[in-house]
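User: I have a model open on my screen and would like to talk it through. Could you start with the overall fold and then move on to the contacts?

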Amino acid sequence: MLHAKIIDTKKEKIKISTAESFISSTKFGASIFFSGTVRDINENKKVTGITYDSHDELVLKSFKEIYYEADNKLNIKDKVVFIEHAKGYLDLGEISIVIAVACKHRDQAYILSRYIIEEIKKRSPIWKKEHYENENSEWLKGNPIQPN
Amino acid sequence: MKIRLELFGASREFSNKDYLDFNINKKISIKDFRQEIINYLKLNFKENKAFKKIVETSAFCTEDNNIINDNYKIIKNQKITIIPPIGGG
């Protein structure tokens with residue numbers, strides 16, 4: 001079971017409690033919650049916030065592909081996965097992404113959680129524009145996507 | 001033939017709008033379209049090397065959300081999305 005959503009920060013915030021409700025089940029003995037937040041320093045620059053941009057349809061497509069790949073690549077078929085990513089402006093400390101997974105055993109949960117965030121970093125079209133204390137801002141360089 | 005290039009991430013700096021429109025006379029590959037975009041940027045932003053690099057390192061995507069390679073041919077009025085290097089999470 002998968003929940004995948006882009007959260008427009010002008011309308012709502014990402015909440016870990018929503019993830020907790022979604023993955024909660026007596027079928028699974030291991031749950032992992034990963035959250036990414038906006039931090040204050042990047043490459044020696046004082047960051048005041050980040051604007052996230054997203055190609056929503058492609059991002060959601062990539063989340064689904066990553067979820068289904070876990071069946072074969074990781075051999076983790078019984079699982080619940082919750083992924084939400086922010087789009088728009090976030091202040092320091094605010095949550096940009098939550099990945100919550102529930103599996104039967106802890107080994108699977110750790111592996112799945114790590115796999116999902118690493119694949120999102122490689123494949124999901126999301127961009128960050130950092131805002132700095134001196135009122136400048138800059139799109140971060142990122143990694144090129146390769147066609148299949 | 002009109003090609004609307006939808007802008008995301010760093011490529012949003014190419015325009016005040018969310019897109020750029022190109023009028024192209026004949027069918028064109030993504031490889032050649034990439035060069036058209038670079039030519040447009042040269043004209044409008046002089047020698048902005050950072051913009052050129054963004055285009056050179058970007059992927060492109062069709063309206064049906066498929067990432068396409070440099071050999072893909074645009075043969076009709078179409079929306080194409082530029083996907084600059086990514087970095088979410």
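This is a predicted model: local features need pLDDT of at least 70, side-chain atom pairs count only at pLDDT 80 or more; totals for chains, interfaces and linings use all residues.

User: In what pattern do they follow each other along the sequence of chain A?

Analyst: Reading along the sequence, the pattern of chain A is β-α-β-β-β-α-β-β-α-β-β.

User: Ok, and how compact is chain A?

Analyst: Its radius of gyration is 16 Å, close to the 15 Å that the globule rule gives for 148 residues, so chain A is as compact as a globular protein of that length. The C-alpha trace spans about 50 × 35 × 30 Å along its principal axes, and 34% of the 148 residues count as buried.

User: Switching to helices, how do α2 and α3 of chain A cross?

Analyst: The axes of helix α2 (residues 56-73) and helix α3 (residues 106-123) of chain A come within 10 Å and cross at roughly 140°, and the crossing is right-handed.

User: Which residues make that contact?

Analyst: From α2(A) they are A:Ser62, A:Ile66 and A:Ala70, while α3(A) brings A:Leu112, A:Tyr115, A:Ile116, A:Glu119, A:Ile120 and A:Arg123. By class, the residues of this contact divide into 6 nonpolar, 1 polar and 2 charged.

User: And what about chain B, how many residues does each chain put into the contact?

Analyst: Chain A gives 25 residues and chain B gives 18 residues. On the side of chain A that touches chain B, α2, α3 and β7 (126-132) each supply at least two residues, and that side has 12 nonpolar, 7 polar and 6 charged residues.

How values were computed. Residues are numbered from 1 along each chain as its sequence is written. Chains are lettered from A and ligands numbered from 1 in the order in which they are written. Axes are lines fitted to C-alpha atoms, for helices over the stretch in contact, and angles run from 0 to 180 degrees between N-to-C directions. Helices (H or I, at least four residues) and strands (E, at least two) are DSSP runs, numbered from the N terminus. A crossing is left-handed if the near helix is turned anticlockwise from the far one by less than a right angle, and right-handed if clockwise. Two residues are in contact if their C-beta atoms, placed from the backbone, lie within 7 Å. Ala, Val, Leu, Ile, Met, Phe, Trp, Tyr, Cys and Pro count as nonpolar, Asp, Glu, Lys and Arg as charged, and the others, Gly among them, as polar. The radius of gyration is taken over C-alpha atoms; the globule rule is 2.2 Å times the number of residues to the power 0.38. A residue is buried if 20 or more other C-beta atoms lie within 10 Å of its own, exposed if 12 or fewer, and partly exposed in between; C-beta atoms are placed from the backbone.
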